[in-house]
Amino acid sequence: MAAPFTTYKLIVLYILSRTTRALSNSQLSEFILEHEYTNYFNFQQAVSELVEANLIQKQTMINTSYYQLTDAGRNTLSFFEKELSPEIRREALEYLKLNSVALEESVLTPADYFQNPQGYHMVRCQIMEGNSSLLDITLAAPGEEAAKAICLNWPEKAQTIYEKIMEELL
């Protein structure tokens, strides 16, 4: 059996290997903490080390970190997956199955903002289906507060906006 800290890392790799979408830090930590595998601080350290080792990739959007498995992470997991107990693997798969709708919705409509070299606040809004982008638009916002508001409203309004764009174009 793997050392406890290695087990935390393997759990993260295993969960990310079983989904096609990036998962947020809170989605990953929810599973680990709910099953009392470790505490939050050990979990965060394990995730940081996985990022540093390029086994998972981190992307931050509006103060939320999302993680995806890298090819190196997938390769590493293939060598050490057997170190995870069948019970942990079963619990991870159950968690993903039970939370699939919430997991899908939370990353279906990502939005983030940034400041371009000219000083404008630009907002990138997307609608994703699996790894495919159905809509990807970048808008100039009148300021940082407006950019934040657009990002916060995007998940709720994305479907309606997509339908209106399609209606206008077809």
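Modeller: In this predicted model, Glu129 stands opposite Ser132, a residue of strand S6. The strands behind this pairing are S5, residues 121-129, and S6, which run antiparallel and are joined by nine bridges. Helix H7, residues 144-169, packs on the sheet and touches S4, S5 and S6. The direction of H7 makes about 35 degrees with that of S5.

The sheet itself is open and has three strands in the order S4-S5-S6, with antiparallel pairing. Its edge strands are S4 (111-115) and S6 (132-141), each of which pairs on one side only. On average, and with direction ignored, neighbouring strands of this sheet are turned by 20 degrees against each other.

To place that part, take the protein chain as a whole. The secondary structure consists of seven helices and six strands. Along the sequence they follow the pattern α-β-α-α-β-β-α-α-α-β-β-β-α. Along the principal axes, the C-alpha atoms fill a box of roughly 55 × 35 × 25 Å.

Another sheet is built from S1, S2 and S3. It is an open sheet of three strands with antiparallel pairing, and its order is S1-S3-S2. S1 (23-24) and S2 (56-61) are the edge strands, and each pairs on one side only. S2 and S3 (residues 64-69) run antiparallel and are joined by six bridges. Two of the residue pairs can be picked out by eye: Gln57 stands opposite Gln68 in S3, and Met61 stands opposite Thr64 in S3.

Helix H1 lies across S1, S2 and S3, and runs at about 80 degrees to S3. H1 also packs against other helices, and H3 is one of them. The axes of H1 and H3 come within 9 Å and cross at roughly 65 degrees. The two helices are therefore roughly perpendicular to each other, since angles of 65 to 115 degrees are counted that way. The crossing is right-handed. On the H1 side the contact is made by Phe5, Tyr8, Lys9, Val12 and Leu13; on the H3 side the residues are Asn42, Phe43, Gln45, Ala46, Val47, Glu49 and Leu50. By class, the contact of H1 with H3 has eight nonpolar, two polar and two charged residues.

Two residues in that list, Lys9 and Glu49, have side chains that meet in a salt bridge, with 2.6 Å from N to O. Lys9 lies in H1 and Glu49 in H3 (residues 40-52), so the pair ties together parts that are 40 residues apart in sequence. In general, side chains of opposite charge can pair when their charged atoms come close. Over the whole structure, a search finds five salt bridges.

H1 meets H5 as well. The axes of H1 (residues 4-17) and H5 (residues 86-98) come within 10 Å and cross at roughly 40 degrees. That angle makes H1 oblique to H5. H1 passes H5 in a right-handed crossing. From H1, Thr7, Ile11, Tyr14 and Ile15 take part, and they meet Ile88, Arg89, Ala92, Leu93 and Leu96 in H5. By class, this contact of H1 with H5 has seven nonpolar residues, one polar and one charged.

H3 has a further helix packed against it, H2 (residues 25-34). The axes of H2 and H3 are 10 Å apart, and the helices pack at an angle of about 130 degrees. That makes H2 oblique to H3. Their crossing is right-handed. Asn25, Leu28, Ser29, Ile32 and Leu33 of H2 make the contact with Tyr40, Phe43 and Gln44 of H3. These residues divide into five nonpolar, three polar and no charged.

Definitions and conventions: Residues are numbered from 1 along each chain as its sequence is written. This is a predicted model: local features need pLDDT of at least 70, side-chain atom pairs count only at pLDDT 80 or more; totals for chains, interfaces and linings use all residues. Side-chain values use heavy atoms; hydrogens and water are left out. Axes are lines fitted to C-alpha atoms, for helices over the stretch in contact, and angles run from 0 to 180 degrees between N-to-C directions. Helices (H or I, at least four residues) and strands (E, at least two) are DSSP runs, numbered from the N terminus. Angles under 35 degrees count as roughly parallel, over 145 as roughly antiparallel, 65 to 115 as roughly perpendicular and the rest as oblique. A crossing is left-handed if the near helix is turned anticlockwise from the far one by less than a right angle, and right-handed if clockwise. Contact means heavy atoms within 4.5 Å. Ala, Val, Leu, Ile, Met, Phe, Trp, Tyr, Cys and Pro count as nonpolar, Asp, Glu, Lys and Arg as charged, and the others, Gly among them, as polar. Two strands pair if DSSP finds at least two bridges between them. A salt bridge is a side-chain nitrogen of Lys or Arg within 4 Å of a carboxyl oxygen of Asp or Glu.
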